[in-house]
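Colleague: I would like to go through how the ligand shells and a chain interface are read in a model of this kind. Please give the general idea each time, then the case at hand.

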Amino acid sequence: MTAVLTRPVEAPAVHKRKRRFNATRTVVLGLAAVYFLVPLAAAVWFTVQDKVHGGVTGEYYTSIPQAEGFAGALRRSLSLAVLTVLGVLLVTVPAMLAVTLRLPKLRPIVEGLSLLPLVIPPIALVAGVRDMLALGPNQLAGTPFGDALVSSQDPELPIILVVVYIVLATPFAYRSLDAGIRAIDARTLVDAARGLGSSWFDVVWRVLLPNLRGAVLGAAFLTLGLVLGEYTIASILLFDTLPTWLVKISGENGQLSVSVSTASLLFTWLLLLVVSLADRPKTSRSDS
Amino acid sequence: GCGSSKKAADAQNNKTGAAAATSVQDIGGLDALVAAAKAEGQLNVITLPRDWANYGELIDTFSTKYGIKVNSDNPDGSSQDEINAVKSLKGQDRAPDVLDLGGAFAQSGAKEGLFAPYKVQTWADIPDNQKDADGAWYNDYGGYISIGCDAKKIAVCPQTFADLKKPEYKGKVALNGDPTKSGSAFAGVFAAALANGGSFTNIQPGIDYFAALKKSGNYIPVESTPATIEKGETPISIDWDYLNAGYTKELAAKGIDWKVAVPADGVYGNFYCQAINKTAPHPAAARLWEEFLFSDEGQNLWLKGFARPVRLPKMTTSGKADATLVAALPQVDTTKAQLPAPDQVDAAKKVLTDGWTKALNG
Amino acid sequence: MTAVGVRMLGMRRSFGAVHALDGLDLVIEPGEFIALLGPSGCGKTTALRVLAGFETADAGTVWVGDKDITGTPPNKRDMGMVFQAFSLFPNLTAADNVAFGLRVRGVDSAARRKRAADLLELVGLGHVGKRYPHQLSGGQQQRVALARALAIEPRVLLLDEPLSALDAQVRVQLRDEIRRIQQRLGITTLFVTHDQGEALSVADRVGVMRAGRLEQLADPDTLYHRPATPFVGEFVGTMNRLPGVLGSDGTVRVLGADRPVAEGSDAVPGEVAVLVRPEAMTLSASETGSALVVVRTFHGALTRLSVRLGDGDEALVDLPSPAAAGIMPGDTVTVGVGEGPVLVAATDATRIPAGETV
Amino acid sequence: MTAVGVRMLGMRRSFGAVHALDGLDLVIEPGEFIALLGPSGCGKTTALRVLAGFETADAGTVWVGDKDITGTPPNKRDMGMVFQAFSLFPNLTAADNVAFGLRVRGVDSAARRKRAADLLELVGLGHVGKRYPHQLSGGQQQRVALARALAIEPRVLLLDEPLSALDAQVRVQLRDEIRRIQQRLGITTLFVTHDQGEALSVADRVGVMRAGRLEQLADPDTLYHRPATPFVGEFVGTMNRLPGVLGSDGTVRVLGADRPVAEGSDAVPGEVAVLVRPEAMTLSASETGSALVVVRTFHGALTRLSVRLGDGDEALVDLPSPAAAGIMPGDTVTVGVGEGPVLVAATDATRIPAGETV
Amino acid sequence: MTTPAVNTVRARSFTDRARRCGPWLAVAPFLIVMLIGLVLPVIALATGAFEGDSLKSSLGSGYRSAFWGSVKLSVVCAVLGAVVGLLVARAVLSGGTVLRRLVLTASGVLANFGGVPLAFMFIASIGNAGIVTGLLHDWTGFDLADSPFSLYQFGGLAVVYLYFLVPLMVIVIAPALDGVRAEWSEAAENLGATRWQYWRHVAGPLLAPPVMAGALLLFCGSLSAFATAQAMVGATVPLVTLQIANALSGNVSADNAGVGAALAIEMIVLVAIVMAAYWTIERRTARWLR
Ligand SMILES: Nc1ncnc2c1ncn2[C@@H]1O[C@H](COP(=O)(O)OP(=O)(O)OP(=O)(O)O)[C@@H](O)[C@H]1O
Ligand SMILES: Nc1ncnc2c1ncn2[C@@H]1O[C@H](COP(=O)(O)OP(=O)(O)OP(=O)(O)O)[C@@H](O)[C@H]1O
Ligand SMILES: [Mg+2]
Ligand SMILES: [Mg+2]
């Protein structure tokens, strides 16, 4: 073996493979950006054209909040969103924890039920809900269940809508939470907290939820997006939410109707972004 | 508030007061009706877009005139939605009081006993073939299928269904929705049938006509809305004349010269129907609304929205119809204008539902 | 705080067909540090979890002092527990983790902070209070977990393999520290491990478990030098298994010498296995020796020689490093068994796998 | 297959401001087993990754045999690598994992299966070929990873802390097995660890790294007994740091005795720290002694005593267990430094934390 | 200290019972909500479906071709969406946290987007009078209207559907991608595998189950979407959801609710079959998980 002890002065060539990967990545991101942004831009461009005077105008966007009923619809939609997010968490988190920690036998049932809503088209689900609600004033009139069905339809804050939205959001919430629960060692954390004297409430509230933060937020995002964008069910059950209100006011004005929908899309996204930025990832792993 | 299903059952049997009234006399005259309606203070209407047949102004006028708050729900909803709302909201304060339905739905609803029979003061002015003998439903306004056209984008606006086949209209012709779902789009197909050798008992030529139009690329299946018209995607839109004509003003503000023509080769007209929900939460206001709609004022307001109110023939003769408004209506060769019988429409719908997709697909 | 004793009596717990605890009796004196040792799956964790209340036993009672706590839920038991895996709450700082138990007890914030700081100081981590668990090394995390368990002034401290996820060096450090703190506070402690070195070096007494029962509970010296059973002997420390012949006179012939048989031996006269510790073996270089050095591993003060005996068996011999200096793999040597009683077992007694079942 | 040597010359690699490798020179003889030891973050992993080709160095060359492979991509380097943990492909059975390298080389299926079976046999896992990684224990997984790395008959075997995720006992077993297999195949091996016990007990030579450079590369004996620098001395094995006074005559006064100063010492005459191994300390019971036994831990053959010296410093003393039999915590004793040269360091030289940075 | 007698059998105390019931109480709200919001409505719907000859007429040839059309569209969308979503997710996840947040939140919104507004966005871009169509024509002379691609046909519908399906895929596949360890690609490379071999033998099989699960989700998503198709193509493309919507909430045919309900139930059955098929395949492909 002949020892070659000359040290190279310049650095050896950087491997090509790293470059190639970055190139594909850029291409994919570029194409995706074109696909997703062009239609959005086209819609926005349509709404800011001033057809009368020429040039550009933001009047359709500024006119939205001034339209009658905006505040009410927004308030209702946001309350629905908050209630649904809370509801979906209150309903799925304990169930999933119980299934993970104590009742593994029930897991297939919970998992199966939580997938079902994906299968049923909203238009069919809402027809079923309507049929069920119709039982209230008809076949079930005078019974407590009938009363409950009727009083769940308070137009100011329709609980039935919250329930249906919870059901619709469950598949997404379930997926997100399931990943989260698998990632933390739930059993050890629960044991540790119990051993330190926590009640079950403390365990869930102080230990599990904070550590499922990412998963909970993910579930909340999808739920928020769903509630703030849902039209079919609210309109057929005749409730006045932001999406139904938007359709109502856009009327014969084409530019207004489009600006209303793009605005709500961007508004929802910004809302999610703000919530997500408010979440400082204290718990993110540092191992990379 | 806390609802009660008991109330629904009660509403069912509540045959006293306004809810039982089948005419204004039953309540004790119009003033008594107004007083009772004012006491209720609210009126729930459903599936009434503000830009449809001048409903916006009708609602506002009624509201100011009687000091009654009008709640308008699900403006883009369908007749089926109205029927469903009546059933599922029975007994609730937000159940619809009055309905504006397609003919088929009015008849089937009446058969199910969902409506409260009521005869407005001007009942006699409504032709017999346009109302239920007991007053469960009655035609309110109607119109003709028309061709709307953006004169700035289209050099020569088409005047007939035959014109629409010209190659210059490639990718420009649209219906107001899907004829298997939307009433006006269905009417468009029926009109096309009449223009192509069909009849009230034969809608097939209309289907074939659109299939050919699709094949040539003239017809695009997108739902025409003010937004697509403004965008220029649907510069030619087949729709009720009162809708097309109603758009003109708003579109003019956007710099679009929207021309409306009722095609002479396919004159097809039809009426919608009014009905009162049997379990209306505001029975007096509901009846007052009907009186208002069928009064001269109400009928003229419809006319203002380019719709043709049911009393128009009588009012024209009596001179109560606003002449300028009548003159502004799209011109129709009324000699050709006939109304299809409800069972004819039903039969045609069946043919269309079965055949449309097959004919147009591909 | 006066120390309390702990007793588990007739503990049984089955999972399906597996008897994780099979009538375990364990009595811990007040203030004592007991290490529970045993192969994987022998029920150590289950015993601890039953004691902490996480697991409900099928039968048996648990006593702390003179109180029966068998039915008490875990959050009322006042036991501090440190787990094997990293059990710190990832969303809380080290200090908040330590203060957690006080917080759920409603202790006010200032007192909590003070106590957390004291305890972090105690475990040598005064400066990391503000860090989150992911910013701490494994050893630091387990220290914080220890401080957290101590914060509630538990009457009993339970440790379930708290060191097994740590590096060897950190392990030794922390293990000594646990012992020091335990002695300072005089807290009754049960320490579960399956590392015998760990058990021997920290505990007052070591319990060796096997299949859900205690096999021996004794101080490390006794356990190492006078194992009650061959199982304990082979499980604790390294043990050579040499072929021998047991006479009926209480002596056994092994590697050409007669040795007295130790108490606890378990065999009938005839061919037996003789159990001898590597450091109780003798070895000398010899041209004519029948044994061959195969591997030589250096362990600092000691050097371990792996030798192939004449009959093909292998044996391990530990020599002080200086004594082993000249002996290299390939040398022939003579190997013997040092004076003193030896344990004897039946040849067919299953050998205990060390650590894991391969 | 003849063994090849490996040389890394003038290796540099920076991540931002961190110089992970700072001019590393490392020469490995053909067939040699080198352990690379060093505190966390000193660049061990980086060195290995540069060698394997996963990381591109800023400067320096890598040679295998007499071939410069600096620019060769990793999949052309023919080096077997075993990662710290979880590197088995979860979707392949143990046998398929082992056969993977042959499969991508186009070896036909029967030959692959045969070889995989042989290698699994070699690592003592002949029976688990059909199992998936999650059905194997950690130790078994690492054995399979080893077999997988060996399957491609690599010229060089690279191991990056392959044992650190394992239990102490499994660790020892597997470490010895790796060594045995390496010796059998005569494959040039670089073994990265930060556990000094591991490094000392398996390697032909041990390299101690510090801040991106090699501090010493020598056989275990030399490293332990004649560390080249105080850093190496304190990093490898346990070391007492005692106060002493360095004379200008090459001797140092410590615990009342004069001792010669060892090579590699690094201090100027005056007050110094004297570095002494626990087993090089002497201890005898004495009523009048100035030192006090604080903790006594039993380590089988050895017993470690922790003593508080007169001046408050603590020192560790290892005695053969029989010699320590009578000495208990609380006893007063006399402590000294055995004969022979001692390492000396400046008092303010930062003490090297053992294993972790607290 | 007195040694108490050993109780071999202990009476189950109140706390014992509470501990046994607790988990059930935790699952109860979930089951109740699912009962009210899902099970009862579906039962209510199903009773409608079995009235009269709804079931029979819902199996007519028109409806059969609608089913076929829906399945075709959903399969195409699911496959395309899964592939594109996977690529996008990979590209995004290997980037910084800012991009990650932007994309994941945007995906949350877009996954729920649809209907008339979505249709309009594409009409405004690549419709006959769309901006892109116009620019393409001005710059290259290429007229999209003359190309075989039409926004108002099957292909166009698929392109539009991907606008909400790809984000959905990105969301559901992200955790799986995060679970692919760097060690695996390095180990493969070290063993001599090329990038392609790594994907062929390791990453591909590993990601197959989650990608398939994602594709199944997309399949369901595009199967049950209807508002977008309604606005863009109406019934000129046969889709079963359009038929359901028309029957349940249409302006044209009255008294058709039974058929709509029957179609909806049949759709649930269809999806159940697809799911069952998926589970069987998953059981086969993901052997290493069991
Ligand atoms: N929740 C459980 N379900 C089923 N079996 C269990 C459960 N917990 C423990 N076991 C079984 O009980 C036996 C004892 O388990 P335990 O965890 O107490 O052992 P261990 O001594 O702690 O072992 P290790 O050293 O591996 O931690 C094992 O066979 C185990 O498989
Ligand atoms: N990809 C990277 N990006 C930035 N810094 C890095 C990277 N890889 C290594 N470093 C830094 O380079 C230095 C050396 O890292 P390396 O992983 O080689 O250390 P090590 O000796 O293997 O440590 P350990 O014992 O903790 O594994 C460390 O300071 C580390 O933070
Ligand atoms: Mg255990
Ligand atoms: Mg490393």
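Colleague: How does the shell around ligand 2 divide by class?

Modeller: A residue belongs to the shell if one of its heavy atoms lies within 4 Å of the ligand. Ala, Val, Leu, Ile, Met, Phe, Trp, Tyr, Cys and Pro count as nonpolar, Asp, Glu, Lys and Arg as charged, and the others, Gly among them, as polar. Around ligand 2 that gives five nonpolar, six polar and two charged residues. This is a predicted model, in which local features need pLDDT of at least 70 and side-chain atom pairs count only at pLDDT 80 or more, while totals for chains, interfaces and linings use all residues. Residues are numbered from 1 along each chain as its sequence is written, chains are lettered from A and ligands numbered from 1 in the order in which they are written, and side-chain values use heavy atoms, with hydrogens and water left out.

Colleague: Which residues are the closest to ligand 2?

Modeller: Ser40(D), Gly41(D), Lys44(D), Thr45(D) and Thr46(D), out of 13 that surround ligand 2.

Colleague: Which polar backbone atom is 2.7 Å from an oxygen atom of ligand 2?

Modeller: A polar contact is a pair of N or O atoms within 3.5 Å; within protein, one must be able to donate a hydrogen and the other to accept it, and residues adjacent in sequence count only if both atoms are side-chain atoms. The 2.7 Å case belongs to Gly41(D). The backbone of Gly43(D) also places an N or O atom 3.0 Å from a ligand 2 oxygen, and for the side chain of Glu161(D) the distance is 3.5 Å.

Colleague: How much of ligand 2 does the protein bury?

Modeller: Accessible areas come from the Shrake-Rupley method with a 1.4 Å probe; for residues, only the protein chains shown count as cover. Ligand 2 alone exposes 630 Å², and 60% of that is buried by the protein.

Colleague: What does the side chain of Thr46(C) do at ligand 1?

Modeller: One of its N or O atoms is 2.5 Å from an oxygen atom of ligand 1. The backbone of Cys42(C) has an N or O atom 3.2 Å from a ligand 1 oxygen.

Colleague: How many salt bridges cross the interface of chain E and chain A?

Modeller: The rule asks for a side-chain nitrogen of Lys or Arg within 4 Å of a carboxyl oxygen of Asp or Glu. Between chain E and chain A it finds zero, whereas six residue pairs are in polar contact, both at pLDDT 80 or more.
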